[in-house]
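Please examine the model below alongside the explanation that accompanies it.

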Amino acid sequence: MLLAYCFFILPAQAERGAIMEKIIELKNISKSFDGETVLDHISLDIYDNEFITLLGPSGCGKTTLLRMIGGFANPDEGDILFMGERLNDTPPHKRNVNTVFQKYALFPHLNVFENVAFPLRERGVKKAEIKEQVMKMLSLVMLEGFAERSVTSLSGGQQQRVAIARALINHPKVLLLDEPLGALDLKLRKDMQQELKKIQKSTGITFVFVTHDQEEALSMSDTIVVLSEGRIQQIGTPTDIYNEPVNAFVADFIGESNILDGVMPENFKARFSGHTFSCLDKDFAPGEPVDVVVRPEDVDIVPKDEGMLSGVVTQVTFMGVHNEIIVDIGGFKWMIQTTESVNVGEHIGISLDPDAIHIMKKSKYSGVFGDYSSYSNELDELSDPGGEE
Amino acid sequence: MKWSSKLYTTLIFIFLFAPIVILLVFSFNEAKSLSVFSGFSFRWYEELFSDEATLESLKNSLILALSATVISTVMGTVAALGIYRLRKKWYRALLNTVTNIPMINPDIITGISMMLLFVFVGRMFSASTSLNFWTMLIAHVTFCLPYVIFQVLPKLNQMDGDLMEAAQDLGCTPFRAFFKVTLPEILPGIITGAIMAFTLSLDDFVISYFTSGNDFQTLPIRIYGMTKKTVTPKMYALATIIFFVTLALLLLNNLVDNDDSRKLREKKKKSKAELLEE
């Protein structure tokens, strides 16, 4: 038994913190505002040293969840545990958690030094020590020369860094970040992503990061929690979430996806668009209706006659590293990313490797996402159903 | 500037300041005459400072104005905070309107209604005199209050709403967070409100006239009483002093305000620079 445990269960769990310590446990959290459910029975464990991202569209409840951990909102139902102790009724100033606010919330009447020193002064730390700690923190966020500057004279990126320094100076167990990069422009945002990741690694503090930007989530996180309509859709590593989305919502929200209606006639076989494909998925009931996900970069373009499916190119967009093309296959518009050059109107075949196909159970999100019709310029022009053999 | 607009500006300034200049000049007149300036002297200033009753009423006015200012500033700030935290928009609009009523209401109406209230309540407790310092103070606080709210509320609305939460997040109790973060942010509004309350209270005649008793006279009431006989030039002297004190307060107020708008300009400049830089 023990041996079996070691071999089979440990490796699976080690991926997400069987050895690591749970810092925060959310147990069955529900919350509604004015009769509208914002969080619907959320349970989530957050581990020490983890960079965890709450990802979802606006209104999915991610910010409310963050505010609950910070102490600025109370759950109607359920418990928040901090290192095993119930935290629900602890006021914000007594929590070992700090927040980086969306618009930074720096104190305008204090300079950079005093903003960062604020939490230390509140705790009554000695003057000399304050100076030392603040300077150390300012160098961590690369703002050494800015101590005496007024915070209102700083750029957005610099203000962001002051906010991070101020939130980190108490060495909280957990740092909460509420869309902290939302107000920055693209290039600065990319730089700050790297920097945040670096700071998280070097301090070892657990980061709980809220964003609606899936790219940001994929590039920074150890763990992503995908939320929609107050419910957790999926928890996993970025690769898990991208390669094996659990439903059409996740597949659509994370990256680009072609989501097709299909059935599983037997294990390792999937039938959609009038063709039966080999795949790597099993454990579905024979003949079970499923959603099939094919990522645009996993589709191979082949000559028309050699393809498993074939269709007409309706749109080509040059994206730099690749071309993004829309292909009409039996009335369903596929998005394909390819380095080959094809022309609008060209008849092409496509081929899918077994590992390009990912099968998902049907959900309430089935049929809502995954068709690229709106991308096409020629909506009503249906080509001949090339998929039929 | 074209000559026409220069002329226009000059006219306006003459219109505004001619009375004050005349007052100022004749307060230094040796004779009592208003038509002949017979020589420069401090005679009326000397007489003023030896007029016990007038000085007493000046002292009364200052005591009343200071008390009314302190009370209305504290109450007004707290009220503004309350209104700011209201979630329901219609409720906030309603409260705003109600608090503004004393500001729009003609003084004479406020004065009469206040007097009626005080006499009515006095009768209920069968007090011998119902009008005194305290009734005046209540009346002054009442009409100063909306001006304070009016100055503080915009400062609260300008403030980043996350600041209070940030302070609590960083270790302050909500009470302490107010003094550490909110108060410094809204202080310019509070100071402006306090200065306005002070000048309004010092200057008020109509409401004071209705709510004052015999044992507590303010300066405006005393001056009014003197006009029934003759106004001696020592009143010009007093008016001149009051004018300069008020002017000083106004300048101080503008200084506070300028500091504020300078910060705002800096902010704008900075965000522009940021756009260029990024």
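This is a predicted model: local features need pLDDT of at least 70, side-chain atom pairs count only at pLDDT 80 or more; totals for chains, interfaces and linings use all residues.

Residues are numbered from 1 along each chain as its sequence is written, and chains are lettered from A and ligands numbered from 1 in the order in which they are written.

A nonpolar core here is a set of buried Ala, Val, Leu, Ile, Met, Phe, Trp, Tyr and Cys residues joined through C-beta atoms within 7 Å; buried requires 20 or more other C-beta atoms within 10 Å of the residue's own, with C-beta atoms placed from the backbone. The largest such core comprises 111 residues, and V162(A) is among those with the most contacts inside it. Helix α5 of chain A (residues 156–168) gives the most to this core, namely six residues. A second, separate core has 29 residues, including L131(B) and F216(B).

In chain B, helices α4 (residues 89–104) and α6 (residues 133–158) pack at about 120 degrees, their axes 8 Å apart. Axes are lines fitted to C-alpha atoms, for helices over the stretch in contact, and angles run from 0 to 180 degrees between N-to-C directions.

Between the chains, 21 residues of chain B are in contact with 23 residues of chain A, contact meaning C-beta atoms, placed from the backbone, within 7 Å.

Terms used. Two residues are in contact if their C-beta atoms, placed from the backbone, lie within 7 Å. Helices (H or I, at least four residues) and strands (E, at least two) are DSSP runs, numbered from the N terminus. A residue is buried if 20 or more other C-beta atoms lie within 10 Å of its own, exposed if 12 or fewer, and partly exposed in between; C-beta atoms are placed from the backbone.
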